[in-house]
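Please read them alongside the structure.

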Amino acid sequence: MDLSKLREYGANVDEGMGRCLNNESFYLMLVDEALKDTTLLNLEGLIKEKNFKEAFELTHALKGMYGNLSITPLFNAVATIVEPLRRNEDIDYTEMIKNVMDEFNKFQALQN
């Protein structure tokens, strides 16, 4: 992984690096850990089970991780689903899940 790939994806690398005291290797290590984290794959199943509490906890934690690393496109996608889940809303999440998973797949593709 390198910073140029993250910038091309739409991450605000300068902001994320700033949170890591501009330590590039530390920042990239954290990004690598985020790339390896596949807990987001559980989201659709939790929502289908109407387990909105656990789906909220999962998305809220990931929103924080992506936000701290300034992985902006994925952060924005996850942020749209967090609030309805926080309110335990039983709505059609299909489009939101699709958007989240599309961004997650784009982010995961940076590993290649």
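1. Lys98 and Asp102 are joined by a salt bridge, with 2.8 Å between the closest N and O atoms. Both residues belong to helix α7 and sit four residues apart, about one turn of the helix. Lys98 is partly exposed at 45% relative accessibility, and Asp102 is partly exposed at 32%. Note that this is a predicted model.

2. A salt bridge also links the side chains of Arg86 and Glu83, at 2.9 Å from N to O. This pair lies in helix α6, three residues apart, again about one turn of the helix. Arg86 has a relative accessibility of 42% and counts as partly exposed; Glu83, at 30%, counts as partly exposed too.

3. In helix α2 (residues 13-19), Arg19 and Glu15 are four residues apart, so about one helical turn separates them. Their salt bridge has its closest N and O atoms 3.5 Å apart. Arg19 is partly exposed, with a relative accessible area of 45%, and Glu15 is partly exposed with 39%. The whole structure contains ten salt bridges.

4. Helix α6 (residues 72-86) packs against helix α7 (residues 94-109) at an angle of about 155°, the axes being 9 Å apart. Since angles over 145 degrees count as roughly antiparallel, α6 is therefore roughly antiparallel to α7. The crossing of α6 past α7 is left-handed.

5. Which residues make the contact between α6 and α7? On α6 they are Pro73, Leu74, Ala77, Val78, Thr80, Ile81 and Pro84, and on α7 they are Met96, Ile97, Asn99, Val100, Glu103, Phe104 and Phe107. Eleven of these contact residues are nonpolar, two are polar and one is charged.

Key. Residues numbered from 1 in each chain as written. Predicted model: local features only at pLDDT ≥ 70, side-chain atom pairs only at ≥ 80, totals over all residues. Heavy atoms only, no water. Axes fitted to C-alpha atoms, helices over the stretch in contact; angles between N-to-C directions. Helix = DSSP H or I, 4+ residues; strand = E, 2+ residues; numbered from the N terminus. Parallel < 35°, antiparallel > 145°, perpendicular 65-115°, else oblique. Left-handed = near helix turned anticlockwise from the far one by under 90°. Contact = heavy atoms within 4.5 Å. Nonpolar A, V, L, I, M, F, W, Y, C, P; charged D, E, K, R; others polar. Salt bridge = Lys/Arg side-chain N within 4 Å of Asp/Glu carboxyl O. Buried < 20%, exposed > 50% of the residue type's maximum accessible area, 1.4 Å probe, protein only.
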